[in-house]
Amino acid sequence: MKIKNIAMLAGVAGILAACGGSTKIVEPADLNDQRVFFAFNSSEISDEARDNLLGQALYMKNHADTKIQIAGNCDERGSTEYNLALGARRANAAKTVIVKDGVEANRISTISYGKERPLVKGTGEAVWQWNRNATTTVK
């Protein structure tokens, strides 16, 4: 009888997932080195990035003493000045998602490293896609 009930619950869960009843928001075990990625020349938050950031917000709501820094990063293309500005927009866009979800703004600082701290060294889109990010660290 228990197996039948478990199978029925699994079926219901599957139906809910197919109907959009499930969510992709997952609280990470740790906020250090959480990253969201950006398209070339953009600070727009993708759906995948939003889900990651909402998971970070959930963590922060469940750990009220946690403060973070979000660092905006860019690939090697563009001037230093341009990439510093773009990195700042990326970090602030990530912060905005977390704050809009109910986390106090004073718990989140931002910084831009522009193209100065690449996650992956090298050239080409296969490398650049990893370097266009906002990285969270606990402070």
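This is a predicted model: local features need pLDDT of at least 70, side-chain atom pairs count only at pLDDT 80 or more; totals for chains, interfaces and linings use all residues.
Residues are numbered from 1 along each chain as its sequence is written, and side-chain values use heavy atoms, with hydrogens and water left out. Local features need pLDDT of at least 70 and side-chain atom pairs count only at pLDDT 80 or more, whereas totals for chains, interfaces and linings use all residues.

Helix H2 (residues 47-62) contains 16 residues; helices (H or I, at least four residues) and strands (E, at least two) are DSSP runs, numbered from the N terminus. From first to last C-alpha, H2 reaches 23 Å, close to the 22 Å expected at 1.5 Å a residue, the expected span being 1.5 Å times one less than the number of residues. Among the buried residues of H2 are Leu53, Leu54, Tyr59 and Met60 (buried, under 20% relative accessible area; exposed, over 50%; partly exposed, in between; 1.4 Å probe, protein chains only). Their cover includes strands E1 (34-37), E2, E3 (108-114) and E4 (133-138), together with helix H3 (80-100).

Asn73 lies in strand E2 (residues 68-73) and, at 6% relative accessibility, counts as buried. The Asn73 side chain reaches the backbone oxygen of Ala71 at 3.2 Å. Beyond neighbours within four places in sequence, Asn73 is in contact (heavy atoms within 4.5 Å) with residues including Gly87, Tyr113, Arg117 and Thr135.

Trp130, in helix H4 (residues 125-131), is partly exposed, with a relative accessible area of 40%. Phe37, Leu119 and Trp130 make a nonpolar surface patch of about 260 Å². Patches are made of residues with over 30% relative accessible area and no salt bridge, with like charges joined within 9 Å and nonpolar side chains (Val, Leu, Ile, Met, Phe, Trp, Tyr) within 5 Å. A salt bridge is a side-chain nitrogen of Lys or Arg within 4 Å of a carboxyl oxygen of Asp or Glu, and accessible areas come from the Shrake-Rupley method with a 1.4 Å probe, only the protein chains shown counting as cover for residues.

Terms used. A polar contact is a pair of N or O atoms within 3.5 Å; within protein, one must be able to donate a hydrogen and the other to accept it, and residues adjacent in sequence count only if both atoms are side-chain atoms.
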